[in-house]
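User: I would like to go through the labels given to this structure and ask, for each of them, what value and what cut-off stand behind the word.

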Amino acid sequence: MMREWATVVSWHNGVATLHSEMKTSCSSCSARKGCGSHMLNKLGPKNAHVMKIASAEPLAPGQRIELGIEEKSLLSSALLVYMTPLLGLFIVAGLFQMLFHSDVAAAAGALLGGIGGFIIAKGISGYLGKSASFHPVILSVALPPDALRVETE
């Protein structure tokens, strides 16, 4: 089970809106000063995902929850997204090369096959997205932000 923490933005009628930030490994790398990826991450927008998830338990804004998703569904969706366009690219490019005996036709076939593969992957992912195994589940709920008070003397 893949786990990720998210922050509750709002909760209404059993549906929680969550905010989850993407993590990069730049903070643990020692080559940050000379790395182009670190500079691009600083310049670009902060990657964050906003999602809605069903929750029977009332949640407060700012509360942290731990989400989980099965590795199998994550790997199968990655395989679908990457391999379907690639297979479409190779198959249609090969067919166009055999039919027209031209490199330009093969390039056009590769373009059409890649685009067709993306369209097929999008259709299949919409169908698979209805399955419960492809939805994240709430594993644990942290205390609300105002539930704990610390006094110092």
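User: How do you know that helix H2 and helix H3 cross, and at what angle?

Analyst: The axes of helix H2 (residues 71-100) and helix H3 (residues 103-128) come within 6 Å and cross at roughly 145°. Axes here are lines fitted to C-alpha atoms, for helices over the stretch in contact, and angles run from 0 to 180 degrees between N-to-C directions. The helices are DSSP runs (H or I, at least four residues; strands are E, at least two), numbered from the N terminus. The contact of H2 with H3 involves 16 nonpolar, 8 polar and 1 charged residues, where Asp, Glu, Lys and Arg count as charged, Ala, Val, Leu, Ile, Met, Phe, Trp, Tyr, Cys and Pro as nonpolar, and the others, Gly among them, as polar. This is a predicted model, in which local features need pLDDT of at least 70 and side-chain atom pairs count only at pLDDT 80 or more, while totals for chains, interfaces and linings use all residues. Residues are numbered from 1 along each chain as its sequence is written, and side-chain values use heavy atoms, with hydrogens and water left out.

User: What makes the pair Arg3 and Glu66 a salt bridge?

Analyst: The closest N and O atoms of Arg3 and Glu66 are 3.4 Å apart, and a salt bridge requires a side-chain nitrogen of Lys or Arg within 4 Å of a carboxyl oxygen of Asp or Glu, so the pair qualifies. The structure holds 1 salt bridge. Arg3 lies in strand E1 (residues 2-12) and Glu66 in strand E4 (residues 64-69), so that the pair, 63 residues apart, links distant parts of the chain.

User: Why is Glu66 called buried?

Analyst: Its relative accessibility is 13%, and buried means under 20% relative accessible area, exposed over 50%, and partly exposed in between (1.4 Å probe, protein chains only). Glu66 therefore counts as buried, whereas Arg3, with a relative accessible area of 53%, is exposed.

User: Why is the pair of Phe96 and Phe100 called edge-to-face?

Analyst: The ring centres of Phe96 and Phe100 are 5.5 Å apart and their planes stand at 75°. Rings of Phe, Tyr and Trp (its six-membered ring) pair if their centres lie within 6.5 Å, and planes under 30 degrees apart count as stacked, over 60 as edge-to-face and the rest as tilted; the pair is therefore edge-to-face. Both residues lie in helix H2, 4 residues apart, about one turn of the helix. Phe96 is partly exposed at 23% relative accessible area, and Phe100 is exposed at 52%.
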